[in-house]
Amino acid sequence: MVNLEWFRTFKAIYETGTLTGAAEVLYISQPGVSLHLNSLEAYVGYKLFDRTSRKMVSTERGKVLYNYILDAITKLERAEHHFHKSTEKDTPTISIGMCFETFQFTLESYLPALPFNVIIKFGDYPEMLSDLDNGILDLIITPQKGDSNNINYLPFSKEKIVLVGGNQTETSQFEELLLKGDMNEVHSWLKQQTWYGTTADMEHLRRFWHLNFNKRPDFKPNYIVPNLSSIVRCISGQNGVAIIPDFLCRKEIESGQMKVIWEGNDVIENTLYFSTRKKTIYAEEIKIIEEIFIKEMAGEAINGK
């Protein structure tokens, strides 16, 4: 008999594109994700994904299966969500969407003291905006806006995508090259460094490289780690560089364990928004979460907020 959890795992892999991403969304181990997928493929009798070094690419049969089960699995997830709320009448439950690193940096340590229940969801911003509009999420932290008239966007902070390094990274030569304005030499110096990247995607690196050198990065990081927070822990106090949002390593920079090496000739700056539905019954709970974010990200707060 088929296990319905196999379908939920299949949906998560299809939407995140990686086993690691699916594991983070479902709060299970990566071996558990692999087991579910292998069991489902054995049950249906054909491959659902082609495995590549970077991504799980859906086969044509996988696409057909995804489209066939999507509505049913989505309805079951909504039923699960609302049933959880209805059984917790005395204690409100709010659902919040954000990226994994933002959760670790801001909200994680506050969870035990919150006077209400919280469900955290990680995923792509367009997907989370859709879930917010449909009532599955109550609040998301996002640098992107959607086009729904049902959603409010309140800017509260900014992030810069910058080149950072550990305090053992020697940068005097790089600073001289920047002063000379020789971008070819700057490019060569950067390629010689010890680079860190993540398994999820390299969007920050690709965007930074394109804006400053007008091409895609033509090298691979020396070390691939699970997420951006792992990069900060690996680089802090050591030798190594990465392209990440500056707020993720603010404390390490202030303590001298890391440093911003270069913001780029064209600075990449994103505005972060609190996004909520215009009508919500969780205004008080959402306000508490917003105050935590403003406190933790005070160094990047928008003027007047």
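Q: What makes a residue buried, exposed or partly exposed?
A: Buried means under 20% relative accessible area, exposed means over 50%, and partly exposed lies in between (1.4 Å probe, protein chains only). The model is predicted, so local features need pLDDT of at least 70 and side-chain atom pairs count only at pLDDT 80 or more, whereas totals for chains, interfaces and linings use all residues. Residues are numbered from 1 along each chain as its sequence is written, and side-chain values use heavy atoms, with hydrogens and water left out.

Q: What makes the pairing of Glu127 and Lys121 a salt bridge?
A: A salt bridge requires a side-chain nitrogen of Lys or Arg within 4 Å of a carboxyl oxygen of Asp or Glu. The N to O distance for Glu127 and Lys121 is 3.2 Å, so the pair qualifies. Lys121 and Glu127 also belong, with Asp131, to a network of salt bridges.

Q: Why is Glu60 called exposed, but Lys63 partly exposed?
A: Glu60 has a relative accessible area of 57%, so Glu60 is exposed; Lys63, at 35%, is therefore partly exposed.

Q: Why is Ile235 called buried?
A: The relative accessibility of Ile235 is 0%, so Ile235 counts as buried.

Q: Why does Thr106 count as buried?
A: Thr106 has a relative accessible area of 1%, and is therefore buried.
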